[in-house]
Amino acid sequence: MKAILGDIDGNLEALKAVLADIERQGVDSVCNLGDTLGYGPNPVECLDLAMRMSVVLLGAFDHAVLFGSESPRSGEDHLLWTQTQLETIGEPADQQRRRAFLSGLSSLHRDGNILCVHGSPRDPLREYVFPEDVYNLRKMSQIGAAFDRLCFVGKTHIPGVFIERSPDGWEFVQPEECDQGFHVVGHKLICNVGSVGQPRDGDPRPCYALFDGERIWFRRVD
Ligand SMILES: [Fe+2]
């Protein structure tokens, strides 16, 4: 069983709750889809926990912390604050180790015919795929052409599964509609695993996904 999570966004309490839940699920690998750093108050502590995960991807905020923001107005203060945290917490060797780890992160991971990205298969770092995009056939067909069978994403902080019913027909299924687990057989799928640190679907509980190769389960953690 794999656990796939993302958008921890510096929320240490949420991450600890999710990791405790993962521990009880018989999980053998944890894949983190990025934005380990972000809005919350404990980016460094979250990064230290992420460094023990099997796969960690680069998110857009992580990228901005390393290389600067492309849209300086939004969240610039918080970006500078996060950079300062990374430069001041712990010993110089810890700071160097964290920076080297962040610098080495990739924006996508392939596991057989399964793709994992932060944003979208077409633009792994920057593109959002929102539930209402199922009505944007041009966007969805281009995104669908960018991966084989199954793609895990984060970024919007809105969990759910996008299903390609036909080459130009997509459907979005919310986690509540697949509480027995979502069967991945048959259609091309994009699974948004939601956010650990800052859910934006109206449910404030941290969210992540479990995947056993056939089914996806969404987990909400108190
Ligand atoms: Fe995020």
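Residues are numbered from 1 along each chain as its sequence is written. In this predicted model, local features need pLDDT of at least 70 and side-chain atom pairs count only at pLDDT 80 or more, while totals for chains, interfaces and linings use all residues.

Colleague: How are the axes of H1 and H2 oriented, roughly parallel or roughly antiparallel?

Modeller: Helix H1 spans residues 12-23 and helix H2 residues 43-50; helices are DSSP runs (H or I) of at least four residues, strands (E) of at least two. Their axes, lines fitted to C-alpha atoms over the stretch in contact, come within 9 Å and cross at roughly 25°. Angles under 35 degrees count as roughly parallel, so H1 and H2 are roughly parallel.

Colleague: Is leucine 37 buried or exposed?

Modeller: Leucine 37 sits in the loop between strand E2 (29-32) and H2. A residue is buried if 20 or more other C-beta atoms, placed from the backbone, lie within 10 Å of its own, and exposed if 12 or fewer. Leucine 37 has 30 C-beta neighbours inside 10 Å, so the class is buried.

Colleague: Which residue in the hairpin of E11 and E12 takes a positive phi?

Modeller: Strand E11 (residues 207-211) runs antiparallel to E12, joined by 5 bridges; strands pair if DSSP finds at least two bridges between them. Within this pairing, alanine 209 has phenylalanine 218 of E12 as bridge partner. The hairpin has 3 residues between the strands, and the residue with a positive phi, near 100°, is glycine 213.

Technical notes:
Axes are lines fitted to C-alpha atoms, for helices over the stretch in contact, and angles run from 0 to 180 degrees between N-to-C directions. Angles under 35 degrees count as roughly parallel, over 145 as roughly antiparallel, 65 to 115 as roughly perpendicular and the rest as oblique.
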